[in-house]
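Subject: Structure handover

Hello,

Here is the structure we discussed, with notes on what turned up in it. Please read the notes alongside the coordinates.

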Amino acid sequence: MEGALSAIYCFGCALGALVAFIWGEKMGRVGSMIWANVITITGALIQTACFDYWQMFVARIIAGIGVGLSTVSVPILQSETLPAHNRGALLVIQSCLINSGVAVASWISFACLFVDSSAQWRIPLAMQIVFSSAVLFACFFIPETPRWLSSRGRHKEARVVLAQLNNMQEDDKVIDGQMQEIMENVRRDAELDTTWADTFRNRTPQRNLHRVVLGMGPYMMNQWSGINAITYYLVYTLQNYLDYDRNMALILASVAFTQYGAISLVPYWYIDRIGRRWTIMLSSMGCAICMMVVAGCLLEQTFSRAAAAVSFMFVFIDCFAMGILPVSWSYSSEIQPLSTRNKATAVGVAAHWMSNFVVVFVTPIGLNSIEGNYYWIWAIVNASFVPLVYFFGVETAGRSLEMVDQGFLEEPRVLMGLNKNHREVLRPSKHDEEHRFRRSSIASTEGTADGLMKASAEKE
């Protein structure tokens, strides 16, 4: 029954992704975040006040819907507002905050274990209300993304937001260049007249289905790395393999989650330097090695071998946090075309949460059936990520979303990673980006002037 309560939350998150698929584009990025937090707060209130198993069951689904909707809208809002030269680094902050939240929740839950009443579980659940309310309040100060505004024909508002994001005047050439790039992309999407069904087709030059699958990849790698086979059952592992009592096991698990949150910030300094592809490939190699060591150590049941296995579980968490984690939450929103970005990202998020459900469900079965050999499976899966990313992955570091889009239009192929242009890591500075947009704006102005002069001459 308790396992069902844990698993049903993931199902609710997948439903939240479905909500985003259907209504997310209409609500907008900020609008989706507002609704996501309202739904999460509603679910948390019902959980905190619940007095019955089925009330908690339904409340978990409601809260999950809010979180699922949020995990679609937040990465999209970030990717559509952050500059290309350090977009990856700033996206890392999201994954760092996610894990910091896990650590805070773990310590609050541990502290409440010593409360001898229903407050023991009501207080941790009520904390969802506190944090979601803070985010909901902040949403009213967050501008809608320029790309979404332009896609709705609200170009003046888009220009205002771009100027705010760049801390420039609205008539600056940099803003002109950015608006030109965005509006050209919007115009091209409008000409293709994309429907929701086109999200799952390759009938347009944008190769929507191809990009949906590419975007789903890192989301599923997040779960199929085995991270939740480690973190969900860490307390169980510490108690059963190292014979720690419950309190010590919970303290060590909380320490692990705190370390998880701190290490998550490390990619901030290199994800834009080495690119998304190498970030996830190096991380996958490290995770595979750690899982091999864990599996090897558990071939014999001794305290020293179990201690070594648990140590490498901690190292595994670090390897995961330094690569697979940050890329998985940002990649899909970077490679999708504007017309299907919301729907395609929602599909990836749904795949993520359903994979979470499966992993959490099968792990106890695997451990009971084949014990430590279960970790060989995760070692093989992690190792398989390396060739998959190398052959199929598209590099997005240093590229604007429109530049990524252009790459699919101009040089499409299934094995995108075999094309040098799709593997190259661009490292533009802020000055380089501004220079590119100014040059683009000037070229556009000169082209318009030449066209007007030519038309005038023809009339004469």
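Phe391 is partly exposed, as its relative accessible area is 36%. The cut-offs used here are under 20% relative accessible area for buried, over 50% for exposed, and in between for partly exposed, with a 1.4 Å probe and protein chains only. Phe391 sits in helix H17, which covers residues 374-392; helices are DSSP runs of H or I with at least four residues, numbered from the N terminus. Together with Leu388, Tyr390, Phe392, Val414 and Leu418, Phe391 makes a nonpolar surface patch of about 490 Å². Patch members have over 30% relative accessible area and no salt bridge, and nonpolar side chains (Val, Leu, Ile, Met, Phe, Trp, Tyr) are joined within 5 Å. The areas come from the Shrake-Rupley method with a 1.4 Å probe, and for residues only the protein chains shown count as cover.

On provenance: the model is predicted, local features need pLDDT of at least 70, side-chain atom pairs count only at pLDDT 80 or more, and totals for chains, interfaces and linings use all residues. Residues are numbered from 1 along each chain as its sequence is written, and side-chain values use heavy atoms, leaving out hydrogens and water.

Salt bridges

A search of the whole structure gives 18 salt bridges, each being a side-chain nitrogen of Lys or Arg within 4 Å of a carboxyl oxygen of Asp or Glu. Side chains of opposite charge can pair when their charged atoms come close.

One of them links Arg147 and Glu402, with the closest N and O atoms 2.8 Å apart. Arg147 belongs to helix H6 (residues 146-151) and Glu402 to helix H18, so this pair ties together parts that are 255 residues apart in sequence. Arg147 and Glu402 are both buried.

Another joins Glu334 to Arg276, at 2.8 Å from N to O. Here the pair ties together parts 58 residues apart in sequence, because Glu334 lies in helix H15 (residues 324-335) and Arg276 in helix H13 (residues 271-297). Glu334 is buried at a relative accessible area of 0%, and Arg276 counts as buried at 1%.

There is also a network: Glu25, Arg29, Glu80 and Arg341 are joined by salt bridges that share partners. Within it, Glu25 bridges to Arg29, and their closest N and O atoms are 3.2 Å apart. Glu25 counts as buried at 14% relative accessibility, as does Arg29 at 1%.

Lys26 is in helix H1 (residues 2-27) and counts as exposed, with 62% relative accessibility. Leaving aside residues up to four places away in sequence, Lys26 touches Trp148 and Arg152, where contact means heavy atoms within 4.5 Å. The C-alpha atoms of Lys26 and Trp148 are separated by 9.7 Å, although the two residues are 122 residues apart along the chain.

Leu409 is in helix H18, residues 401-410, and is partly exposed at 22% relative accessibility. With the same exclusion of residues up to four places away, Leu409 touches Arg188, Pro205 and Gln206. Leu409 and Pro205 are 204 residues apart along the chain, and their C-alpha atoms are separated by 5.7 Å.

Aromatic pairs

The search of the whole structure finds 17 aromatic pairs. Rings of Phe, Tyr and Trp (its six-membered ring) pair if their centres lie within 6.5 Å; planes under 30 degrees apart count as stacked, over 60 as edge-to-face and the rest as tilted. Tyr232 and Tyr233 form a tilted pair, 6.5 Å centre to centre with 45° between the planes. Tyr232 is partly exposed at 40% relative accessibility, whereas Tyr233 is buried at 17%. One aromatic cluster consists of Trp224, Tyr374, Tyr375 and Trp378.

Cysteines

How many disulfides does the structure hold? It holds zero, taking a disulfide as a pair of cysteine sulfur atoms within 2.5 Å. For Cys13, the nearest cysteine sulfur is that of Cys10, 6.1 Å away. Cys13 counts as buried, at 0% relative accessibility.

Regards

Definitions and conventions:
Patch = residues over 30% accessible without salt bridge, like charges linked within 9 Å, V, L, I, M, F, W, Y side chains within 5 Å. Helix = DSSP H or I, 4+ residues; strand = E, 2+ residues; numbered from the N terminus.
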